[in-house]
Amino acid sequence: MPSKFYASCNKNICVSCGACAVECPRGAIEIWKGCYAVIDKNICVGCGLCKRICPANCIEFLNRETEEN
Amino acid sequence: MSVKKNNFFSYLWLWPIIYFALGFFNILFAWLGMFDVMLPILFALIGGNKFFCNHMCGRGMLFTVITKKFKISSGKPAPKFFSSKYFRYGFLIFFMAMFTSILIQTYFVYSGTANLKEFIKILWAFNIPFSLNLSMPSQIPAWIIQFSYGFYSLMLSSTIIGLIVMALYRPRTWCTFCPMGSMTQAICKIKNHQPL
Ligand code: SF4
Ligand code: SF4
Ligand code: SF4
């Protein structure tokens, strides 16, 4: 069952350092063309490791249900 | 990005340590730091990516390794302004100005207008006399040595700032305003038609 929450990156603040991608145990994060992190919500399990490491504090959690409905 | 793997790149955190150690024994090794400047720019200009920051940067990895091993990072989020555009581009401009002053100093020594100054300047304020270069071959031109001192100082100062913000906030806080990171992200954004 997918997690209730998934991580999402605010691309206006992201510095594209890649710290989150290294940390993600699922490999759900890609740094899109050096510009910002893109998180695949279908792979993300909402563990929060990326949010804890992000130096720019630009990762937030979104609720799958409220986001999708 | 694939799930964590152990490869050659994952040992690159040793690079900054090797770099500073080599420079300590012979300042000419400071020139090797040009890899840390040229590689990220080449990746950004040619590939339009931050492969260097994302996979190869020894400094970024070192901050992570130190934090995991010694738990000296508070883990608190850094003040928002660190990742604000004004601060990031402002710091980039400051850094470029410092680099330019190294180049000018090097030129003065090259042209004979100034004498070689053998000291390491830490955080642009403290001069530490430093001529441990016992093995310096005498035929090396003075300007090459002058650039080494300037560049080693710049690398050391920025690493010290990085270590301080690592301890105060999150391990890779330096990356939010690292001049190489800001510059290469800006190049990638321009290349890929994204707003700066
Ligand atoms: S919350 Fe966990 S699984 Fe999801 S992107 Fe972040 S680190 Fe990966
Ligand atoms: S750790 Fe934060 S700033 Fe760095 S790439 Fe990931 S989301 Fe962006
Ligand atoms: S932002 Fe600077 S310190 Fe961080 S990974 Fe990139 S080059 Fe290295």
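**Ligand shells and a chain contact**

Student: Which residues surround ligand 1, and what makes them count?
Tutor: Ligand 1 is surrounded by 13 residues, the closest being Cys24(A), Cys44(A), Cys47(A), Gly48(A) and Cys50(A). A residue is near a molecule if one of its heavy atoms lies within 4 Å of it, so each of the 13 meets that rule.

Student: Where do these values come from?
Tutor: This is a predicted model, in which local features need pLDDT of at least 70 and side-chain atom pairs pLDDT 80 or more, while totals for chains, interfaces and linings use all residues. Residues are numbered from 1 along each chain as its sequence is written, chains are lettered from A and ligands numbered from 1 in the order written, and side-chain values use heavy atoms, without hydrogens and water.

Student: Which residues make up the shell around ligand 3?
Tutor: Among them are Cys53(B), Cys57(B), Arg59(B), Arg172(B) and Trp174(B). By class this shell has 6 nonpolar, 1 polar and 2 charged residues. Arg counts as charged, so Arg59(B) and Arg172(B) are the charged ones.

Student: How many residues take part in the contact between the chains?
Tutor: Chain A gives 30 residues and chain B gives 26, where contact means heavy atoms within 4.5 Å. The buried area (accessible area, 1.4 Å probe, lost on putting the two parts together, summed over both) is about 2,200 Å² between chain A and chain B.

Student: Why is the pair Lys68(B) and Glu23(A) called a salt bridge?
Tutor: The term requires a side-chain nitrogen of Lys or Arg within 4 Å of a carboxyl oxygen of Asp or Glu. The N to O distance here is 3.2 Å, so the pair qualifies. Over all chains the structure holds 1 salt bridge.
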